Amino acid sequence: MKHSIRNRIAVAIVALLLFVLGTSFLMNNVFLEKYYMVQKERSLIKVYTLINSYDLPNSYQEDDFQSNLELLCNRYNIRLVISDEEMNPELWCVSSDQDKSLLAGRLFAYHYGVSSYDKDVLIKTDNYTVQKIRDPFNEQEYLEIWGGLDNSYNFIMRLALDSIWDSVKISNEFFTYFAIAGVVFGIILAVWLSKQITKPIQELTDLSKRMADLDFEAKYTRGGNDEIAQLGDHFNRMSDKLQETISELKTANNELQSDIEKKEQIDEMRKEFLSNVSHELKTPIALIQGYAEGLKECINDDPESREFYCEVIMDESSKMNQMVKKLLTLNQLEFGNDVVTMERFDLVSLVKGVIQSASILAQQKEAKLLFNEEEPVYVWADEFKVEEVVTNYISNALNHLEGEKVIDVKLIHEPGNVIRTTVFNTGKPIPEEDLDKIWIKFYKVDKARTREYGGSGIGLSIVKAIMDSFHQKCGVKNYDNGVEFWFELDGGEKCGNSGKDDQRLLPGAEQS
């Protein structure tokens, strides 16, 4: 990961190491030479201070003076010449004969201001001058100090600077090798150290991610007694507590959601019921009120008009009575208050009984009621409620007949020992957008026609509620020449009469 703590720790350690080594290398290259120069200047001044502290030339022969001076000159690689006021260099020197003559000549030239050498004066006081020169004879650089002592004697000291450059070069080369080795070792150490630090942190990160995804089986298992181990133990305890708390919350939330849904469902049903009942009762009540007022005001005195008014009032009252009964039935079914008695009965006999009851209405509408089953077909269900379903289907078919005016009832043996009862009527197909809505109470595809035959839009809702109480299926299918309603029940034997086409074939019709 680009921004992981592991990488950041490793980069920080390596960067710190590079900074320290880089700074040291820079200091070594830029300031080491100056530091050496300062130290050498101090060395020359230190020897000058020692010489100036003795009473020359009386101390020249003292062992203490000679031993201290030789020790310092040899330590700092200093060449020294001391001359008297007449510039006689035979007073005392620490140098070879060649250096003695050269230094004596330079001291003379410096003292009388006749030197032609290029020099870089570093320090200048009343007693001495410290300078850096380049000797044109051997092409070497020297650091010199010359001047006068308190006893009026003169001196000159110098040391070669080649040793400084060699020391700086050697030091830089050594430091470069050391820096490369240090960087390599530092990278390895940084990677290892960052891995040791971030590995338990990474485990805690993975653990927290799994906990965020509600995976409470994840636990910190690395162990230990440090702060990260304590944090991991707290994570484990938090995981257990969260799992317990979420479980309790889910249980409470599920119960609350069920209560809310049930309450909302009851409220919606109550509002819908009141709205629909008010709408359905409005028309018959208005008719009853109008015709009753007409009778009271004696608008028409002839017996035929009074009889017509009374028939309208009775007809609308009967419709209201039927609607209230159906609403009560539907209410009991929806709230589970109606007891379902499962029994085995002959479905063929039941269908024939319903057809026989509807035969008079069928004759009035000049409809053909077809049912060709003769052999008993036994099913398991509540016989009384199944009779209501068949009655609703046949009544609905009679009210929507058109064309050939044929109602065809069939019993079809489906796989799984299921008996499907179908009621087909010729007429206009139901619009596709209304197929799923016809089971909703008070829903009417054609409101004018429903009002014409006195329908309330509750019959199919009762059918759906009854089949739901059986835990069985019901449905509707459009054909080119009509509509087929169906429902299924358990029981019966298999047979091959299960084919359907887009156009329902009626008895006597040729299959194309």
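1. Helix H8 spans residues 347–357 in this predicted model. Its buried residues are Leu347, Val348, Leu350, Val351, Val354 and Ile355. Viewed down the axis of H8, the buried residues fall within an arc of 165 degrees, so they line one face of the helix. Gln356 and Ser357, on the other side of H8, are exposed.

2. The start of H8 has a contact to check. There, Asp346 places a side-chain oxygen within 3.1 Å of the backbone nitrogen of Val348.

3. Strand S6 covers residues 154–160. Is S6 mostly covered or exposed? Mostly covered: 6 of its 7 residues are buried.

4. S6 pairs with strand S1 (residues 79–83). The two run antiparallel and are joined by 5 bridges. Arg79 stands opposite Arg158 of S6.

5. S6 also pairs with strand S5, residues 140–148. This pairing is antiparallel too, over 7 bridges. How many residues lie between S5 and S6 in their hairpin? There are 5. Ser152 sits in the turn and has a positive phi of about 75 degrees.

6. A nonpolar patch lies on the surface. Its members are Phe185, Leu189, Trp192, Leu193 and Ile197. Together they have about 480 Å² of accessible area. Phe185 belongs to helix H5, residues 162–212. Why does Phe185 count as exposed? Because its relative accessible area is 55%, and the cut-off for exposed is over 50%.

Notes:
Residues numbered from 1 in each chain as written. Predicted model: local features only at pLDDT ≥ 70, side-chain atom pairs only at ≥ 80, totals over all residues. Heavy atoms only, no water. Patch = residues over 30% accessible without salt bridge, like charges linked within 9 Å, V, L, I, M, F, W, Y side chains within 5 Å. Areas by Shrake-Rupley, 256 points an atom, 1.4 Å probe, with all protein chains shown as cover. Salt bridge = Lys/Arg side-chain N within 4 Å of Asp/Glu carboxyl O. Helix = DSSP H or I, 4+ residues; strand = E, 2+ residues; numbered from the N terminus. Buried < 20%, exposed > 50% of the residue type's maximum accessible area, 1.4 Å probe, protein only. Arc of directions from axis to C-beta. Polar contact = N/O pair within 3.5 Å; in protein donor to acceptor, adjacent residues only side chain to side chain. Pairing = 2+ DSSP bridges.
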